[in-house]
Structure formats: C-alpha cells, structure tokens
Amino acid sequence: MTTQQLRPIVSVFPIKGKVKTIKQVPLPSVFSAPIRPDVVRFVHTNMAKNNRQAHAVSTTAGEQTSATSWGTGRAVARIPRVKGSGTGRSGQAAFGNMCRGGRMYAPKKVWRKWHRKINTNQKRYAVCSAIAATAVTPLVMSRGHRVNKLPELPLVVSDQLQSLTKTRQAVKFLKFIGAYRDVEKVIRTKKTRVGQGKYRNRRHVLRKGPMVVYARNLGIKKAFRNIPGVETASVYTLNLLKLAPGSQMGRFIIWTESAFKLLEDIYGSWEKPSKFKSGFYLPRPVMVNTDVERIIKSDQVQTVLRNRRPRSRKYGKKIQRADPYEDMSVMLKLNPYYKTKLQKQKELEEKNKEERKEIVDKSRKEYEDWLYFSEEEEEEEEEGSDEDREIEVLSDEN
Amino acid sequence: MSKQVPETIKKQKKRSFNSKEVKQEKNEKRTKLLKEIQEKAYKRAEKYEKEYLEQDQKLKELKQKALKEGSFYREPEPKLAFIIRIRGIVGVPPKPRKILQLLRLRRIYSGVFIRLNKSSLRMLHFIDPYVTWGYPDVETVRALIYKRGHARVNHQRKIIDSNEMIYDKLQKYDIVCMEDLVHEIFTVGKNFKHANSFLWAFKLKPPVGGFSTVKKSFVNKGEHGNREQYINTLVKKMI
C-alpha cells in the first residue's frame with residue numbers, strides 16, 4: 001500500500017471571520033479505505049435491528065373461548081364453533097386465523113430474535129467505508145446534502161468549535177461556513193409522519209442535516225443540540241447508523257481539527273495498526289488500481305499480448321453467390337479459363353460443322369451423280385425398244 | 001487550443017499491428033496472392049481440359065483397336081462413385097445407419113463422392129437399399145462442385161465463393177482452384193481424401209420428374225443401388 005502514501009492535504013478553516021485556510025493537515029488514511037456499499041448495507045441492516053424493543057401479541061388473544069367443532073353432517077364447515085346459545089356469538093367460528101375474533105397465524109412471541117450480532121471486523125470495515133465516503137463529494141451530494149457553498153470537503157474546522165456554548169453561536173458558525181443551507185433544507189422539509197407512528201409519539205419526520213464530529217466536548221454538544229437536523233458525535237464513538245443513514249453512504253460531516261487528526265490513530269493505516277482498536281488495520285481494497293481500461297491499454301500489458309486475430313471478413317457472413325452456370329462473372333471468378341474454353345468449344349463446333357458440311361456435300365454430289373448416270377442409262381434403253389416396235393408394225397400391214 | 005489526443009490512443013496508434021502501413025502491406029500481399037492464384041487457375045484449367053480430351057480419345061482408340069482385332073477392350077474399373085441417399089431417416093437399421101453416417105449421408109438427397117475399392121464397395125453393399133450410386137463423368141463432377149459445392153471451413157458450411165478459399169485450405173496438397181479440385185476428385189488423385197473432406201456433403205433437390213419406386217433396385221426398374229453411368233442424368237435432375 002505504499003502507493004497510497006501520497007496523502008493529500010486538507011485545509012482547516014476558522015469558525016468566524018473570513019473563510020480562509022488557517023492551517024493544513026494531511027488526510028487520514030481512513031479516507032482511502034475501500035468504499036463498499038455492500039458491506040455497509042449488510043452491517044447497517046443488522047445494526048439497525050439492535051435498538052428494537054420486544055413486542056408481541058397477547059398469549060391468550062383469540063383463545064379465550066371453549067369452542068368445539070360441530071363435526072360433519074351439519075352442512076357447515078368443520079371449524080371449531082363457540083358453544084352455547086342465546087347470543088350472537090354462539091355458533092360462530094373461533095380459534096382459526098381465518099376466523100373473526102380468532103387468534104392470528106403464528107402469534108408473535110417476545111422471544112423472537114430482535115438483535116443481531118455482527119462481526120467486529122465487519123462493523124469496523126463498514127465504518128471505515130462510511131467515513132471514506134463522507135469525503136467524496138458526489139456521494140455526499142447524492143445523499144441529498146446541500147454542499148455547494150462549502151469551501152471544501154471534507155470540511156475541517158478549528159478546535160474553537162468545541163468550546164461553543166450557545167446555540168446562536170452555533171447557527172452563526174453554520175451560516176458562516178456555508179453549511180446552513182443543509183439545515184434550512186431540514187427545517188423546510190419537516191413533515192408529519194405518514195402512517196400510524198404519528199399517534200405513537202413519532203409525530204414528525206426530519207431529514208438528516210450536517211453531523212459535527214468533535215474530539216472533546218467543551219460545550220459543543222449543547223450548542224448544536226437544538227438545531228434541527230444537526231447531530232453531534234465524538235470521534236471515538238462514530239456510529240454507522242449516523243454515518244450512513246438508511247445504509248446510504250455520504251453523510252455531510254463537519255470535523256474539528258483534533259477530531260480529524262485523531263482519525264489516523266483511531267482507524268490506523270495499512271502499515272500501522274489502530275491505537276484504540278487492538279489489532280485492527282485498515283481494510284485493503286481488492287483492486288489497488290481500479291482503472292481497468294488504463295491497465296489494459298498500458299504498455300506493460302499491450303506488449304505482451306499476441307496480435308489481434310484478423311476478423312475473417314472473408315468467410316464472415318453467409319455469402320450469397322449466384323449460380324456460376326447462369327452468371328458468367330461468378331464463373332470467371334472461380335474458373336478464369338472458362339471463357340476461353342467456351343470459345344474453343346465454339347470453334348471446334350464450327351470446324352466440325354464445316355467438316356460435316358463438306359462430307360455431306362460430297363456424299364450428296366455423289367448421290368446426284370449416280371442418279372444422273374442411271375437416268376442416262378434408262379434413256380438409252382428406251383430408244384432401243386422403239387426400233388423394235390416399228391418392225392412389228394410393218395408386218396401387220398402385210 | 002489544439003485538440004488533445006488521449007495518451008492511450010496515441011500509444012495504440014504507435015503499436016505495429018494497428019498501423020496503416022502494416023495494413024497496407026497485408027492488403028498488397030493479398031492482392032498479389034489472388035492474382036497468382038487466378039493465373040495458376042487459368043493455366044491448370046487449360047491443362048486439365050487437354051488431359052480430359054486426351055483420356056477420352058485414348059479410350060476411343062483402344063476400343064476401336066480392339067474391335068478391329070476382333071476382341072474386346074476391357075475398360076479400367078471405375079475409381080470414383082457418387083452416392084445419393086434416397087431414403088429418409090425413419091426406420092433405418094443400425095448397420096446401414098452407421099455406414100450412412102460414416103459416409104456423411106445424414107439426410108435424404110444428400111450426396112457424396114467416394115473412392116471405389118474393396119472396402120468401400122462392401123460398405124455400399126450394405127446401404128444399397130437406401131442409396132443410389134454410379135460413376136459420374138467430368139461434367140457432373142464440375143456441375144456439382146461449381147453449383148452445389150460448399151466447403152467445410154472452421155466447422156462451418158460455406159459456399160465456395162472464390163479460389164482463395166480453396167487455396168487457404170488445400171494449398172499444401174497443391175490444390176489451388178476449382179478446376180484443381182474437380183480434377184482431384186474426378187481422377188481420384190493422391191489427395192482425394194483431403195479434397196473430398198474439404199467438400200461438405202452435397203445437398204441436392206428432389207429429382208425433377210420424380211422417382212419410379214425407391215423400394216426396388218435400379219436393375220428391377222426401381223431406383224436404388226448401382227446405376228453406373230445413369231447417375232449422370234439423375235444428378236442433372238437433382239442439381
């Protein structure tokens with residue numbers, strides 16, 4: 001944790017005069033404790049149960065009858081019914097949680113476990129987280145405190161504050177330092193409680209205002225007591241329920257200088273244990289450097305990484321492709337010789353055609369020749385027969 | 001005020017695998033490679049055309065010669081078969097089922113090339129009732145690979161879009177382009193196994209004009225079993 005030893009400086013302000021730095025003190029190590037809302041929530045929910053008072057329902061409630069079931073065969077439900085007659089109550093259902101005037105389901109008992117044990121270290125962890133959160137302005141603002149006009153957060157003020165005795169002085173101080181806006185908010189938003197608490201001596205509801213933490217009470221407690229919303233606390237006994245009301249971290253705290261310095265002793269650091277809590281060291285964060293993006297992009301990491309795999313856009317998406325026998329461009333991409341092949345085929349066909357034409361012509365000519373020659377022969381034969389006829393005609397005439 | 005560039009972005013730009021120059025270099029290499037592949041493809045296609053023609057002519061000559069001498073020319077037994085599964089998945093007994101799986105014929109009308117040897121012929125014997133097969137000619141092989149050829153890339157079925165795809169996978173077997181692939185398959189070369197496994201099983205369409213009856217064998221006017229050269233006409237109907 002030596003990297004955390006760069007501790008920033010916090011200004012100490014006076015309680016009157018001018019809002020100006022009169023002194024500077026280093027920030028105690030508690031404010032660098034890990035801020036763990038999950039731990040705070042757990043501890044808070046359990047701690048809040050510890051101020052409960054036992055309550056229960058009367059043990060005899062709903063049982064003060066001698067009701068018996070009528071059994072079957074009477075056209076009524078089998079629930080126990082009040083005995084006797086002469087009154088409206090007779091024959092009415094009794095005892096069941098569903099019955100009017102019956103005992104409730106699982107009547108509450110006083111021996112319910114009202115309080116919760118929490119591990120000491122967890123409690124201390126939560127308090128450290130909550131204190132650290134009080135220095136984080138966004139958290140304090142998101143809790144709802146009006147801290148715009150403050151000179152600084154965490155707000156540390158001179159020890160003279162501890163000697164104030166009059167409420168008037170306290171209010172004057174708050175106005176001087178810029179914290180009175182938070183008090184005004186409290187006054188403005190005081191309301192009657194919603195619900196039945198209002199007639200159970202919990203009539204009004206107030207917001208939480210600033211909390212003043214002191215080291216020695218020299219009148220400060222009484223001075224701030226009557227200011228609505230403002231709470232005081234000794235630095236030795238900081239209460240999580242006050243530091244993170246409703247398990248919401250980021251209470252607006254006004255520290256006195258000595259209280260602020262005492263934090264280093266009370267909560268210790270990662271090297272030195274606490275002086276007041278035996279064996280307690282500040283909780284360590286799981287990650288020292290939480291800027292993950294920065295870590296990943298740092299030289300130390302990037303030089304060791306392998307090269308990024310190329311996004312195979314080649315075969316990435318489902319490739320649609322036309323039928324190569326229908327689309328010549330697709331065919332040529334796959335087989336650049338195809339066009340030449342077709343050409344050659346065409347040439348070959350044509351050559352064959354010519355050759356065949358030659359052959360066909362030749363054979364046709366031969367046939368015609370043969371035909372012609374045979375015609376000539378026939379003609380010659382016909383002439384011969386004519387002569388024979390003439391001779392026969394002469395003979396007849398004789 | 002000049003625009004401030006965050007330090008991390010500055011550093012990122014410096015790193016080599018992201019820089020413009022490296023990308024440019026890669027691109028140049030790639031285009032050069034593509035050009036080489038296409039040139040090779042042209043030359044090899046030319047070579048193979050001649051080869052196929054010569055083969056045909058040789059066969060004719062030998063046959064004619066044999067006729068003249070009054071004898072027969074016994075053609076070499078076919079080395080390549082194309083199998084199409086013509087029966088569905090329901091009710092297939094375990095042995096034929098397993099064999100069909102081994103041959104990648106997992107669905108109806110799927111087709112694969114297979115090298116014919118004693119062992120594969122035995123396998124075909126068992127699955128005869130579920131498939132029809134025969135000896136494809138060059139044009140059938142071409143049509144199948146060009147039109148319905150899908151590659152097995154990264155355990156995925158991708159249509160063969162360019163010769164680059166073939167080059168990436170089969171370069172070490174000296175198969176660089178489509179015609180190389182066709183040649184390897186048709187002539188059942190040394191690297192037939194790799195060429196064939198590069199191809200996903202062909203998914204064909206049901207035949208135009210239908211089947212007569214798949215229950216009978218081809219020899220008995222049905223459809224299943226060996227149909228030798230008539231596989232070519234069937235593939236034309238199914239492609």
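Colleague: Which residues of chain A does UniProt list for "coiled-coil region"?

Modeller: The structure here is a predicted model, whereas this label comes from a record. The UniProt entry is unreviewed, and it gives "coiled-coil region" in chain A as residues 338-365.

Colleague: How far apart are the end C-alpha atoms of residues 338-365 of chain A?

Modeller: Over residues 338-365, chain A is 100% helix and 0% strand. From end to end of this stretch, the C-alpha atoms are separated by 40 Å.

Colleague: How many disulfides does a search of the whole structure find?

Modeller: A disulfide is a covalent bond between the sulfur atoms of two cysteines. To count here, two cysteine sulfur atoms must lie within 2.5 Å. Over all chains, the number found is zero.

Colleague: Is Cys128(A) buried or exposed?

Modeller: The cut-off for buried is under 20% relative accessible area. Because Cys128(A) has 0% relative accessibility, the word for this residue is buried.

Colleague: Which residues of chain A is Ile160(B) in contact with, leaving aside its neighbours within four places in sequence?

Modeller: Within chain B, the contacts of Ile160(B) include Met165(B), Ile166(B), Leu181(B) and Phe198(B).

Colleague: Why is helix α6 of chain B largely enclosed by the rest of the structure?

Modeller: Helix α6 of chain B spans residues 163-170. Its buried residues are Asn163(B), Glu164(B), Met165(B), Ile166(B), Tyr167(B) and Leu170(B). The helix is largely enclosed because the buried residues number six of the eight.

Colleague: Which helix of chain A is included in what covers the buried residues of α6(B)?

Modeller: From chain B, the cover includes α2 (20-69), β4 (150-153), β5 (156-159), α7 (178-186) and α8 (192-198). From chain A, it includes α11 (328-334).

Colleague: Which residues does Ser162(B) touch, not counting residues up to four places away in sequence?

Modeller: Ser162(B) sits in the loop between β5 and α6 of chain B. With a relative accessibility of 14%, Ser162(B) is buried. The residues that Ser162(B) touches are Lys333(A) and Leu334(A).

Colleague: How far apart in space are Ser162(B) and Leu34(B), C-alpha to C-alpha?

Modeller: In sequence, Ser162(B) and Leu34(B) are 128 residues apart. In space, their C-alpha atoms are separated by 9.6 Å.

Technical notes:
Residues numbered from 1 in each chain as written. Chains lettered and ligands numbered in written order. Predicted model: local features only at pLDDT ≥ 70, side-chain atom pairs only at ≥ 80, totals over all residues. Heavy atoms only, no water. Buried < 20%, exposed > 50% of the residue type's maximum accessible area, 1.4 Å probe, protein only. Contact = heavy atoms within 4.5 Å. Helix = DSSP H or I, 4+ residues; strand = E, 2+ residues; numbered from the N terminus. UniProt positions renumbered as here; feature names shortened; annotations may be inferred.
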